[in-house]
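Here is a friendly briefing to read beside the model. Keep the 3D view open as you go through the points.

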Amino acid sequence: MKTKIVNYSIVLLGLIPLMIWTYRYVNWDLWYDEVYSLEHFSLQDFATTLFYYPSPNNHIFFNITSQLISRIFNLRDAFLVSENVYIFRLFQLVISLLTAYFTVRVAKLFFNNKSSFLIYAVFFTTIPVINFSLQLRGYNMSSLFLIMMIFYTWRYIELRRKYDWIRILLSTILLIYTIPSNLYFVVSLWLAVVLIFAISRKMDKNFSFRSYRNALLYISIGVLVSIFLYLPVLENVIFNKYSHSEAPGYFYTWGVFKGVAPAFLSKRYLLLLFIVPFILWFRKAGRIKETYYFVFLLIMFALPFAISFMHQKMPFQRVFIPLAPVFCLLLAVPVIQFIDNSTNWYRIRILQVLVTCYCLFIFMDQINKNELIISKNLVENNKLSQDIYRNFYLADYYKQDRVMKELSVIRKGVPVVKYNQLDKPSTDLYLRKYNIPFDEVLSIEDIARKAKEFNHFYLLTSMRDRTLKELQSTGNIQANVVKNEFYFTNVIDVKYIGN
C-alpha cells in the first residue's frame with residue numbers, strides 16, 4: 001500500500017505540467033488553423049467534413065469528432081464554440097492522457113520497467129507534447145493512434161492476444177484517416193516489423209512466423225481500408241498544393257529533423273547520460289527481446305524522416321509530432337532501467353523523485369524562456385514564432401477575444417481597419433463575434449487614403465512598433481496606441497490632421 005501511494009504521488013508530480021497547461025489554456029482563444037478547421041469542416045454538415053478536401057487542414061477523423069462534440073453540446077457556430085472552447089479542449093486533454101497511458105504500458109509490458117510511471121513526467125515535460133496537448137487539430141490524436149498501433153502490434157506478436165488484430169486494424173485506419181501524412185509512420189512501422197522479423201527468425205527459438213505475418217497483414221489491410229475511405233477526395237489528398245510541393249532543397253528533411261529531435265529533447269540533456277550504461281547493461285544481461293524493442297523504436301523514429309527524404313516533399317515540423325511518444329520511450333527507458341537496477345529501495349525513490357523534479361525544473365524554465373522569445377520575435381523582429389517548440393498563439397499576449405470586446409465598447413461607430421494582421425481567421429472571427437465591421441488595407445498608402453476618407457478610425461495590427469513608425473512617416477496622421485500593453489492584435493487610434 002505504501003509503495004502504491006509513493007508511486008501515485010510521483011505520477012501526480014509528473015502530471016503537474018499538464019495541470020498547469022490545462023488551467024491556463026483550456027479556454028484559450030482560437031487561433032488560425034483552429035478557426036479555419038472549425039468554420040470550413042467541423043461546423044459544416046457531415047458531407048462537407050467527409051468529402052471536402054481543399055487543403056490538408058481537413059484532418060477528417062479529428063474533424064468528425066469535433067463535429068460530434070459540437071452537435072452533442074449544440075455548439076453549431078464558431079461564436080458559440082469560442083465561448084465554450086474548453087469543451088473541445090477537454091476532449092484533447094483526454095486524448096493526451098490516453099497517449100501517455102499507452103506509452104507507459106509499452107514501457108511496463110515490453111521493457112519490464114517497474115518505474116514505468118516516470119514516463120508521465122518525461123512525456124508531459126516534452127515541450128512539443130504540451131504545446132499540442134490541447135490544440136484543436138489532429139496531431140495529438142495521431143500520437144495516440146500511433147502508440148496504440150505500436151502497443152497492439154507488439155502485444156499481438158509476443159502474446160498472441162485474441163482480439164488485438166482488431167485493435168491493430170482500427171488504429172492503423174484511424175491514424176491514416178486522421179492525417180494522410182501519417183502514412184509515413186505506418187510504413188515505418190511495417191518495415192520495422194519486417195526487420196525485427198528477419199532478425200528474430202535467426203535468433204529466437206520461440207519465433208512465430210504466423211504472428212509476424214498476420215501483424216503485417218492487418219497493418220496492410222488497415223492501409224487499404226483508409227485509402228478506400230479517402231477515395232472521394234483522393235485526388236485532392238495527393239495533388240493539393242502542400243502535399244504536392246517539392247522540397248526547397250535536397251536536404252530539406254535533414255533540416256526538419258534537426259529541428260524536431262532537439263525540440264523533443266526539450267533541453268533535458270542530463271537524461272542522455274543514461275544511454276551508455278543502458279546499452280552496456282543490455283549487452284551484459286543478454287536481454288534480447290528488450291534489445292529488439294529498443295531497436296524497433298529507433299527505427300520507428302528515424303524511418304519517417306528517411307522516407308520523407310526519399311519522398312522529397314516539404315512537410316512541416318508538426319507533421320512529425322506523432323513521433324513524440326516514441327522519442328519519449330527512447331529517452332525514458334534507459335533512465336528507468338538504470339533506476340530499476342538499483343538494489344536499494346531508498347535510492348530508487350530518491351532517483352525517481354530527482355528525475356521527475358529535474359524534468360519539471362527544465363520544463364518551467366523553457367516555458368518561461370519561450371514566452372520571452374516569442375514576444376521578442378514579434379515586438380522587435382516583426383516575426384511570428386510558429387514551430388513545434390514555440391508558437392505565437394500560446395503567448396500571453398494572444399488575447400483576441402479581450403481586444404475585440406474592448407474595441408466594441410470604445411468604438412462608438414468609428415470605422416475599423418486591419419493592417420499587417422498576422423492571424424486573419426482568428427481576428428476576423430472575433431471581430432464578427434462583437435459585430436464590428438472592418439476593412440483591410442495592404443500598404444501605408446492605403447492607410448493614408450483611408451485617413452482622408454474617414455478622418456478618424458481604429459487600426460488593428462500585429463506589428464505595432466513598425467506600423468507606428470510607418471504612420472508617423474506620412475506626416476499628416478496622428479497615431480496613438482489605445483493600450484500600452486502589447487497584444488497580438490494592437491489597436492491604434494488614427495486621426496487625419498491634414499497636410
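Five strands form an open sheet with mixed pairing, in the order 2-1-3-5-4. Strands here are DSSP runs of E with at least two residues, helices are runs of H or I with at least four, and both are numbered from the N terminus. Two strands count as paired if DSSP finds at least two bridges between them.

This is a predicted model, where local features need pLDDT of at least 70, side-chain atom pairs count only at pLDDT 80 or more, and totals for chains, interfaces and linings use all residues. Residues are numbered from 1 along each chain as its sequence is written, and side-chain values use heavy atoms, with hydrogens and water left out.

**Sheet and its helices**
- Strand 1 (residues 416–418) and strand 2 run parallel, joined by two bridges.
- K418 has E440 in strand 2 as its bridge partner.
- Helix 20 (residues 400–410) lies across strand 1, strand 3 (456–461) and strand 5 (490–496), at about 180 degrees to strand 3.
- Helix 21 (residues 424–433) lies across strands 1, 2 and 3, at about 170 degrees to strand 1.
- Angles run from 0 to 180 degrees between N-to-C directions, with axes fitted to C-alpha atoms, for helices over the stretch in contact (heavy atoms within 4.5 Å).

**Whole chain**
- The protein chain holds 23 helices and five strands.
- Its C-alpha trace spans about 90 × 55 × 45 Å along the principal axes.
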